[in-house]
Amino acid sequence: MASRVTDCPCMEDLLVSPTWRRQGIGTRLIAVAESHAQLRHFPRIGLAVALDNPDVRRLYERLGYQDAGLGPFVSQWEEADRTGRRVLIEETVIFLVKSLEPEDCAQAD
Ligand SMILES: CC(C)(COP(=O)(O)OP(=O)(O)OC[C@H]1O[C@@H](n2cnc3c(N)ncnc32)[C@H](O)[C@@H]1OP(=O)(O)O)[C@@H](O)C(=O)NCCC(=O)NCCS
């Protein structure tokens, strides 16, 4: 999906251990990823968020991420379950994008 938004690196698998959530770690991880993208002169950065995950979407929107307008799509990946068996996971997601252009960043702050 990220290939449909030009010059847009995509963050994936953002995860903070439940014990450490709501202490700003996720926000700082995202800020570091944005800095790396800016250093490489990308004009924007994006990520996919599940439609049934409004809490996470609220965090991203607070940080300046907006619906890229690509519509919902199904994201699939494999994970190991507790027994080590590979299982296919599916989520319906939308792609959010944030401008890293200096003038747009100033507006988002
Ligand atoms: C999303 C995640 C990485 C945020 O990490 P974090 O360190 O708690 O983030 P911050 O402390 O910077 O920000 C907290 C915000 O995260 C959001 N959030 C989403 N799910 C959350 C959860 N289960 N617990 C705590 N915060 C959550 C809330 O908007 C919260 O803001 P609020 O306290 O005003 O409600 C973390 O909740 C997580 O690992 N969730 C499970 C995996 C996941 O869904 N990843 C996103 C894939 S797109």
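My notes follow, from the model as a whole to the ligand and then to confidence.

I kept in mind that this is a predicted model, in which local features need pLDDT of at least 70 and side-chain atom pairs count only at pLDDT 80 or more, whereas totals for chains, interfaces and linings use all residues. I numbered residues from 1 along each chain as its sequence is written.

I first looked up the secondary structure and found 3 helices and 5 strands, where helices (H or I, at least four residues) and strands (E, at least two) are DSSP runs numbered from the N terminus. Along the sequence I read the pattern β-α-β-α-β-β-β-α. The C-alpha atoms fill a box of roughly 50 × 35 × 25 Å along the principal axes.

Turning to the ligand, I noted 17 residues around it, of which Arg21, Gly26, Thr27, Asp55 and Leu59 come nearest; a residue is near a molecule if its C-beta atom, placed from the backbone, lies within 6 Å of it. Helix H1 (25–39), strand E2 (44–50) and helix H2 (54–62) each supply at least two residues of this shell, and H2 gives the most, with 4 residues.

Finally I checked pLDDT, the predictor's confidence in each residue from 0 to 100: the chain averages 92, and 92% of the residues score at least 70. Among the elements, H1 has the highest mean pLDDT (97) and helix H3 (residues 102–108) the lowest (65).
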